[in-house]
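This briefing is for a reader meeting the structure for the first time.

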Protein chains: 2
Amino acid sequence: MSSLLSDLRIVEVSAFVAAPLGGMTLAQLGAEVIRIDPIGGNIDYRRWPLAPNGTSLYWTALNKAKRSVTLALDRPEGREIAQAIITASGEDAGFLLTNLPASGWMGYEALSARRDDLIMLRLTGNPDGSAAVDNTVNCAGGFPMATGRGGEPVNHVLPAWDVAAGLYLATGLLAADRQRRRTGRGQEVTVALADVMLATVGNLGYLADVRVNGAVRPPIGNDLYGAYGRDFPTADGRRAMVVAISNRQWKALGKATGLADRLAMIGPLMGVDMDDEGGRFQARDAISAVLAPWFAARTLSEVEGAFAGSGVLWGPYRDFGQLVAEDARCSTANPLFREIDQPGVGPLLVPGSPLGFPGMGERTDHRPAPGLGQDTDAVLADLLGLPSAEIGRLHDAGIAG
Amino acid sequence: MSSLLSDLRIVEVSAFVAAPLGGMTLAQLGAEVIRIDPIGGNIDYRRWPLAPNGTSLYWTALNKAKRSVTLALDRPEGREIAQAIITASGEDAGFLLTNLPASGWMGYEALSARRDDLIMLRLTGNPDGSAAVDNTVNCAGGFPMATGRGGEPVNHVLPAWDVAAGLYLATGLLAADRQRRRTGRGQEVTVALADVMLATVGNLGYLADVRVNGAVRPPIGNDLYGAYGRDFPTADGRRAMVVAISNRQWKALGKATGLADRLAMIGPLMGVDMDDEGGRFQARDAISAVLAPWFAARTLSEVEGAFAGSGVLWGPYRDFGQLVAEDARCSTANPLFREIDQPGVGPLLVPGSPLGFPGMGERTDHRPAPGLGQDTDAVLADLLGLPSAEIGRLHDAGIAG
């Protein structure tokens with residue numbers, strides 16, 4: 001197990017993608033992350049896709065390496081116990097990570113009254129606290145209207161804002177922890193999913209392009225913007241993405257395809273500077289016209305052979321099945337992955353943290369997701385010091401799950 | 001300025017999106033981030049989109065709140081100075097963040113020989129160290145084949161893997177810093193862009209779905225998977241995305257549209273349980289058939305009026321121009337944003353960190369991007385203690401830019 005954060009103890013009260021991913025990111029670096037759910041599970045516990053026995057593959061994938069506690073959060077005694085777990089003592093504890101409405105018993109005020117150095121990370125939908133999810137944030141951000149070939153907007157399938165928000169939560173937690181270690185002060189840290197989208201649109205220059213140039217990026221299919229990149233069908237019905245950003249990559253593409261002489265004619269033909277990435281972007285249709293027959297005459301495997309060791313920047317398209325079947329990076333040949341047994345599901349290929357620590361040896365923190373509530377008794381006993389008779393009473397009373 | 005990380009000093013040698021975003025994420029939380037570039041700028045310095053005077057809106061957007069030092073990195077004396085800046089003393093310094101090939105003078109071995117507690121964050125393309133960019137990683141990850149309406153793959157326009165990788169770098173740097181503060185030990189931390197993609201595909205359950213169910217997620221347009229969500233054209237040629245995941249959101253949608261009675265007929269019609277998100281997903285075409293005329297009869301503004309305060313989860317589609325023109329969240333009404341003067345560009349609406357700290361008052365760290373090389377002399381003097389005559393000699397010799 002990674003020992004990097006092994007002294008940290010974090011409580012998570014969450015659902016869906018962003019906050020669970022934030023917690024899992026820290027859990028896979030060694031932190032103890034205790035996810036507290038209502039008895040029977042939160043609203044994400046049965047989310048698709050499911051295994052044949054009904055276990056959510058989505059939930060198990062997003063809650064790996066955590067502990068699970070279930071409590072009757074709709075009853076005062078259950079809430080009291082949850083508060084006690086969240087605010088339990090420990091120099092490297094006192095963290096709450098949540099994307100659920102955090103008011104009343106789970107508000108910062110109530111919790112910090114019990115532990116004044118509490119660090120609470122709270123994800124909301126909009127900056128005013130109103131609800132939003134990845135899809136209802138994404139539609140307003142401009143990207144769907146710039147995706148595909150135009151005509152109608154295209155939503156991303158990757159919940160990219162949720163993923164980014166989860167990683168901002170992890171960053172924010174460690175930043176707030178750092179300050180608390182220096183000053184002793186805790187604090188509430190907020191992230192709005194819409195702000196993650198808006199900041200990213202700004203960080204990539206799109207807002208400035210509107211303001212300064214009045215330019216609204218149009219959809220250009222799978223082409224790169226501002227440099228050369230396009231996808232091509234191959235002779236065997238597959239597809240390859242080719243990119244040439246640097247002059248070195250551009251030269252490599254000409255050499256590997258044997259088309260350097262023809263590509264050199266495009267500068268004068270189109271009146272652009274082909275030693276400039278912007279010039280190659282402007283001439284992209286002419287470039288593609290020269291390259292397309294080369295790809296169409298070769299199978300994907302022949303393309304791979306021609307590009308091997310050439311310095312050409314390219315990649316094959318794969319669906320999720322082909323990714324699993326074909327890509328050596330998506331196997332235990334890559335230290336990112338390990339084959340583990342996921343209780344309720346069976347043997348799975350499971351990724352650990354993409355953060356690697358070469359000096360600490362192989363990544364080994366590939367713990368499975370917990371069974372729902374499997375750690376309730378241990379946490380009540382170890383963290384709150386409850387005797388087993390009291391834990392039994394809480395089960396009988398339907399307070400502990 | 002946010003004081004959260006104000007004692008941290010980080011050196012960045014980078015280009016493009018991921019590592020610059022990682023550095024900027026920490027800079028906007030108050031860290032001193034010194035980006036070192038070759039004299040004249042690195043390969044991203046002129047990247048599109050550009051302002052009319054040629055200033056890259058992309059570069060300025062991704063390098064806000066940093067300091068800029070330029071050195072002749074192709075000459076031994078320039079490299080020696082860069083090494084000295086990277087390894088300069090300070091308990092809260094000794095960090096290098098890079099996505100460039102890090103060998104030789106910039107390798108961990110060479111740098112840690114000068115400062116043995118160095119923390120180095122290094123982004124590569126593939127786990128074996130070979131080159132890859134967002135587009136050549138994304139094509140293999142399955143998402144383009146599951147995006148849009150099928151027929152051909154659709155690339156995302158948001159460089160989602162670069163964004164996620166940048167945030168993993170920020171998380172990894174703070175995690176390694178935390179361990180160094182406890183143990184005194186530095187280390188090299190690596191992230192491969194392909195691993196960020198692969199881990200995310202796994203974390204979202206796609207790999208398990210292939211393994212357990214043999215299921216390869218097909219493209220389903222803008223619909224949600226596993227719950228109800230679809231986009232609808234409005235009477236005025238705009239478009240709205242509507243989502244109902246929870247039963248509460250589903251009921252709100254029926255009530256706000258006045259179509260609850262009709263929607264209630266769909267359960268028996270389609271033979272599904274409409275109180276279950278999976279049932280609503282299966283019946284999504286029937287649901288959409290009932291809802292579509294309601295949207296088609298209303299302008300976007302009328303839809304907005306009908307949904308205001310209703311608890312319906314929805315959002316309008318906007319292109320980048322409409323985002324700037326229409327969305328109050330994309331304005332200084334949102335504390336995320338501030339209007340600042342970006343040297344070389346002019347007044348801009350600029351996002352700070354999406355991480356908010358309500359207890360620390362308003363977010364104020366909205367520093368612009370530096371002019372290229374503007375901090376060279378100050379860093380050489382303050383950090384390395386070079387006298388002004390020596391700095392002058394370095395300029396004359398073309399070592400400092």
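**Briefing on the predicted model**

Helix α9(A) is followed by G258(A), which has a positive phi near 70°. The model is predicted.

**Helix α9 of chain A**
- Helix α9 of chain A spans residues 247-257.
- Its buried residues are Q249(A), W250(A), A252(A), L253(A), G254(A) and T257(A).

**Chain A overall**
- Chain A has 17 helices and 12 strands.
- Along the principal axes, the C-alpha atoms of chain A fill a box of roughly 85 × 50 × 40 Å.
- Of the 401 residues in chain A, 63% are buried.
- Taking contacts in chain A between residues at least 6 apart in sequence, 67% link residues at least 24 apart.
- The chain is divided into two parts: domain 1 of chain A covers 9-201 + 329-397, and domain 2 covers 228-317.
- Between the C-alpha centres of domain 1 of chain A and domain 2 of chain A the distance is 43 Å.

**Helices α6 and α7 of chain A**
- Two packed helices are described by the angle between their axes and the distance between the axes.
- Helix α6 (residues 160-183) and helix α7 (residues 193-203) of chain A have axes that come within 9 Å and cross at roughly 100°.
- Because angles of 65 to 115 degrees count as roughly perpendicular, α6(A) is roughly perpendicular to α7(A).
- On the α6(A) side, the residues in contact are W161(A), D162(A), A164(A), A165(A) and Y168(A); on the α7(A) side they are L193(A), V196(A), M197(A), T200(A) and N203(A).
- By class, this contact between α6(A) and α7(A) has seven nonpolar, two polar and one charged residues.
- In α7(A), 11 of the 11 residues are buried, so the helix is largely enclosed by the rest of the structure.
- Among the buried residues of α7(A) are D195(A), T200(A) and N203(A).
- G205(A), with a positive phi near 90°, follows α7(A).

**R46 of chain A**
- R46(A) sits in the loop between β2 (32-38) and α2 (57-62) of chain A.
- Is R46(A) buried or exposed? R46(A) counts as exposed because its relative accessibility is 52%, and the cut-off for exposed is over 50%.
- Setting aside neighbours within four places in sequence, R46(A) is in contact with G54(A), T55(A) and S56(A).
- A polar atom of the R46(A) side chain lies 3.1 Å from the backbone oxygen of G54(A).
- From C-alpha to C-alpha, R46(A) and L57(A) are 8.8 Å apart in space, and they are 11 residues apart in sequence.

**R178 of chain B**
- R178(B) belongs to helix α6 (residues 160-183) of chain B.
- R178(B) has a relative accessible area of 3% and is buried.
- Apart from neighbours within four places in sequence, R178(B) is in contact with L5(A), D7(A), L8(A), D92(A), L174(A), D177(A) and R181(A).

**R238 of chain B**
- R238(B) is found in the loop between β7 (228-233) and β8 (239-244) of chain B.
- With a relative accessible area of 17%, R238(B) is buried, because the cut-off for buried is under 20%.
- Not counting residues up to four places away in sequence, R238(B) touches F232(B), P233(B), L300(B), Y317(B), R318(B), Q322(B) and E326(B).
- The side chains of R238(B) and E326(B) are joined by a polar contact of 2.8 Å.

Terms used:
Residues numbered from 1 in each chain as written. Chains lettered and ligands numbered in written order. Predicted model: local features only at pLDDT ≥ 70, side-chain atom pairs only at ≥ 80, totals over all residues. Heavy atoms only, no water. Domains from an automatic or database assignment. Axes fitted to C-alpha atoms, helices over the stretch in contact; angles between N-to-C directions. Helix = DSSP H or I, 4+ residues; strand = E, 2+ residues; numbered from the N terminus. Parallel < 35°, antiparallel > 145°, perpendicular 65-115°, else oblique. Contact = heavy atoms within 4.5 Å. Nonpolar A, V, L, I, M, F, W, Y, C, P; charged D, E, K, R; others polar. Buried < 20%, exposed > 50% of the residue type's maximum accessible area, 1.4 Å probe, protein only. Polar contact = N/O pair within 3.5 Å; in protein donor to acceptor, adjacent residues only side chain to side chain.
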